[in-house]
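Thanks for making time this morning.

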Amino acid sequence: MHDVSKESKLTKIDDKIYTNTFTPSFPSLAYDRFLKGVVSVTSGKPVPVVTNFAITPKCPCNCWHCSFSDRSKQDVLSFDQLQKTISDVQDLGTSVIGLTGGEPLLRDDLEDIIASIDKRSMPLMFTTGYKLTRRRVKRLKKAGLEIPVISLDHYKPEIHDKGRRKEGIFDYALNAIKLFQDEGFYVAVSFVPDKALVDDRQEIFKVIDFFKDIGINDLRLTSPILSGKLTSRPEEKLSEENVKTIFDIQKKCTKTKGYPGVFAYDFFESERYYGCGAGFNYMFIDSQGNVCPCDFTMLSFGNILDRSVREIWEETSQHFCTPGLQCYANVSNDAIFSKRTKEWPLKKQATLEILNECPSCHRERVPEFYKRMGLK
């Protein structure tokens, strides 16, 4: 734990210490459960330590990289269904619950959903900041929200707005950041650079400097993942040289005072660190109730409206029984794309066919963290 934790920054706000958006604040019951979850998964028993819920498919944006674009926009889980499932995943051992979409702020009962997450898990929310007000920020804090994660991709408004396909969304994002900061939140940004931006090292480091200047605590750096809109655009996948740039960003921010802590997926999902935890220590439930290995892996063994989430998770984790050596969504993209369907995720039979063609893990190798922890 110490070896990998040195790549993260500790931030103290009031009486809590934050590491990143994947780890509950310390001290807390959620943090204690997080450690138990780590022990469990490194002992070979998968636990959904992190579970994300897409609580709505509605969104003011139409992002160039949206992983949710091909999922149904029709049915949405009710509050009662969400409340029960949140309790169920907490019973499974989840210590971090993320609320995403779509745009979570578009649900009028968002505060009630957050309040239904008890102290066993840390709630966080992914948002564009759309039409957020100070009054609502106060309500979100009272409901128990711990970490807001705001989408922001550039220091130039026109570039961010163009990528998100929504004029003025840059201003909404900056306003949300300031409002959350004013209320004393640990504030994170979700940054999705396209390949052209990563190719331009000077420009992408300017963006990182911008995040430092506006006082961001944490940066989730998500490189383009071949999912949703990018399923048919493999050219957006980063090159080896691009990945080196991402590693350099991770190192600079971690080692340099004043910069935000960074969780770069390319860095931490590599064989050198945690690898890919899809279906092993991570679970995603979409707005229709489909249970998937992660937000980006468009496979499913079932829906919570038909089977219990425990039963679906147990079947999922039998097939994702050790962490992968790299992002499984990228590994399986070509096979998934060959089974073109009107709506994702793929159903159980097609999911089994994909896993047979593209195994989720390497039987003889595990990422360095798990190797050190003794996982066979």
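This is a predicted model: local features need pLDDT of at least 70, side-chain atom pairs count only at pLDDT 80 or more; totals for chains, interfaces and linings use all residues.

Let me turn to helix H6, which spans residues 157-164 and in which His160, Asp161, Gly163 and Arg164 are buried. Why do these residues lie on the same side of H6? They cover an arc of only 165° around the axis, and that puts them on the same side of the helix. The cover over the buried residues of H6 includes strand S6 (147-151), helix H7 (169-182) and strand S7 (188-191), whereas the face turned away from the buried side carries Glu158 and Lys162, which are exposed. Just after H6, arginine 165 takes a positive phi of about 55°.

Next come two loop residues, which I will take one after the other. Threonine 23 has its place in the loop between strand S2 (16-18) and helix H2 (29-42), and with a relative accessible area of 10% threonine 23 is buried, because the cut-off for that word is under 20%. Not counting residues up to four places away in sequence, threonine 23 touches Tyr31, Phe34, Val96 and Met122, while a polar contact of 3.0 Å joins its side chain to that of asparagine 20.

Serine 360 is found in the loop between helix H14 (348-357) and helix H15 (368-372), and serine 360 is buried, with a relative accessible area of 10%. Which backbone oxygen does the side chain of serine 360 reach? That of histidine 319, at 2.8 Å. If we leave aside neighbours within four places in sequence, serine 360 is in contact with His319, Phe320, Gly324, Tyr328 and Leu355.

That brings me to the aromatic rings, where the count comes to 22 aromatic pairs. In one of these pairs, the rings of phenylalanine 191 and phenylalanine 211 have their centres 5.3 Å apart and their planes at 75°, so the pair is edge-to-face. Phenylalanine 191 lies in strand S7 and phenylalanine 211 in helix H9, residues 201-213, so this pair ties together parts that are 20 residues apart in sequence. Phenylalanine 191 counts as buried at 0% relative accessibility, and phenylalanine 211 is buried too, with a relative accessible area of 0%.

Another edge-to-face pair is that of phenylalanine 268 and tyrosine 273, whose ring centres are 5.7 Å apart and whose planes are at 70°. Phenylalanine 268 is buried, with a relative accessible area of 1%, and tyrosine 273 counts as buried at 7%. Both residues belong to a cluster linked by ring pairs, whose members include Phe22, Phe247, Phe263, Tyr265, Phe268, Tyr273 and Phe369.

I will finish with charges over rings: the charged end of lysine 141 sits over the ring of phenylalanine 185, 5.8 Å from its centre, and lysine 212 lies over the face of tyrosine 259, at 5.5 Å from the ring centre.

Methods:
Residues are numbered from 1 along each chain as its sequence is written. Side-chain values use heavy atoms; hydrogens and water are left out. Buried means under 20% relative accessible area, exposed over 50%, partly exposed in between (1.4 Å probe, protein chains only). Helices (H or I, at least four residues) and strands (E, at least two) are DSSP runs, numbered from the N terminus. The arc is that of the directions from the helix axis to the C-beta atoms. Contact means heavy atoms within 4.5 Å. A polar contact is a pair of N or O atoms within 3.5 Å; within protein, one must be able to donate a hydrogen and the other to accept it, and residues adjacent in sequence count only if both atoms are side-chain atoms. Rings of Phe, Tyr and Trp (its six-membered ring) pair if their centres lie within 6.5 Å; planes under 30 degrees apart count as stacked, over 60 as edge-to-face and the rest as tilted. A charge sits over a ring if NZ of Lys or CZ of Arg is within 6 Å of the ring centre and within 35 degrees of the ring normal.
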